Amino acid sequence: QLLGNQDHIKVELEKLKKTHDEQQQKLEERVLALGKELQEATGAIGDSRHRLAEQSAVLLASQGQLQEVEAENSRLQLRLKELNEEYRSRLAQCVRDVANYMDSKASSVTGHSKAPAGQAAMKNFVDSMLRDIRASYKSREEQLARAARGYKKRMKDLAKKHENLLIAYGLQREQIRSLGSSAMDCGPAELHFSITDPELLTNSSRELNRLREEKAKLQMQLQELQKGLDLMSGRDPNELFRPRQLNEEGWAEVRKKLREFTLNTQEDLEQERSQLLTRAVVAEGQVSELQGYIDQHLAR
């Protein structure tokens, strides 16, 4: 019976071979298509990186131009202040010259007998007017200086409160993450809400922002590693942030060390910040004294 079915077996083998060849051809075509898609994706990534590099270069150039424009603006403002001072002095001198001319003309017209009584009337009036103008200018400048100092102080206080809120927000995110509930959204990272204005950033704020950047990078790397391990072990990627019973103690230890490191670093930075604030207050007092000294001696 086996020898009699030999032709049928050959036909079945031909069919299987044909089917295998067709599947092999389809697989090769699919591999070629995937290779082509991979090359296109690689090219697109290269183009994106090239565009990103160009945009980064443009951004750096724009930042450099912005700094140059800010420096030029500061120089022009200083030059404007100097020109205003020069204009004030020239205007005052012109007014004094006019007053002296009017007094001398009045004394020559009224005669020598009445000259001593009314000779300096115009000059005294002009001197009193200039004193009033200088006093009003000085009062206005002091008012603006006080307002600027108060504004800077309020901005520093707001920046400090914002930093404290960011620290509390980070602690809450860590507590929510430690609960391990996938239904809760921890929200964006602290770095998303950090202050980027250079005028409001202190050394401690810059250091904290740097630490937040490193923390965000480490968290991204940790998520990628966890996702890779889940894919290799056949787990569901949606269970990435769920607590695992086997390494719960390890995670708790890691969180404890991270929290201790954050608190210690924050304490050191707060101490450095308090020292810098004390030095800044002392320096502001010295600058105010020097400014008053310069104003008095220049006016004299």
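1. A residue is called buried when its relative accessible area is under 20%, exposed when that area is over 50%, and partly exposed in between, using a 1.4 Å probe and counting protein chains only. Because its relative accessibility is 34%, I133 counts as partly exposed. I133 has its place in helix α3, where helices (H or I, at least four residues) and strands (E, at least two) are DSSP runs numbered from the N terminus.

2. The model is predicted, so that local features need pLDDT of at least 70 and side-chain atom pairs count only at pLDDT 80 or more, while totals for chains, interfaces and linings use all residues. Residues are numbered from 1 along each chain as its sequence is written, and side-chain values use heavy atoms, with hydrogens and water left out.

3. I133 also belongs to a nonpolar surface patch, together with V98, Y101, M102, M122, F125, M129 and Y137, and the accessible area of the patch is about 740 Å². Two or more of these residues come from each of α1 (6-110) and α3 (121-179), and α3 gives the largest share, five residues. Patches are made of residues with over 30% relative accessible area and no salt bridge, with like charges joined within 9 Å and nonpolar side chains (Val, Leu, Ile, Met, Phe, Trp, Tyr) within 5 Å. A salt bridge is a side-chain nitrogen of Lys or Arg within 4 Å of a carboxyl oxygen of Asp or Glu, and accessible areas come from the Shrake-Rupley method with a 1.4 Å probe, only the protein chains shown counting as cover for residues.

4. The largest pocket has a volume of about 2,000 Å³. On a 1 Å grid over the protein atoms alone, a pocket is an open set of points with protein on both sides within 12 Å along at least five of seven lines, a cavity is a set where a 1.4 Å probe fits but cannot get out, and lining residues have an atom within 4 Å of a point. Of the 45 residues that line the largest pocket, K81, E141, E142, Q291 and D295 lie nearest its centre. The elements giving two or more residues to this lining are α1, α3 and α5, with the largest share, 17 residues, coming from α3.

5. There are two cavities of 30 Å³ or more, and the largest cavity holds about 50 Å³ of space. The largest cavity is lined by E163, S204, S205, L208, Q266, L269, E270 and R273; α4 (203-233) and α5 (248-299) each give two or more of these residues.

Note on methods: Points joined across faces, edges and corners; volume = space filled by probe spheres on them.
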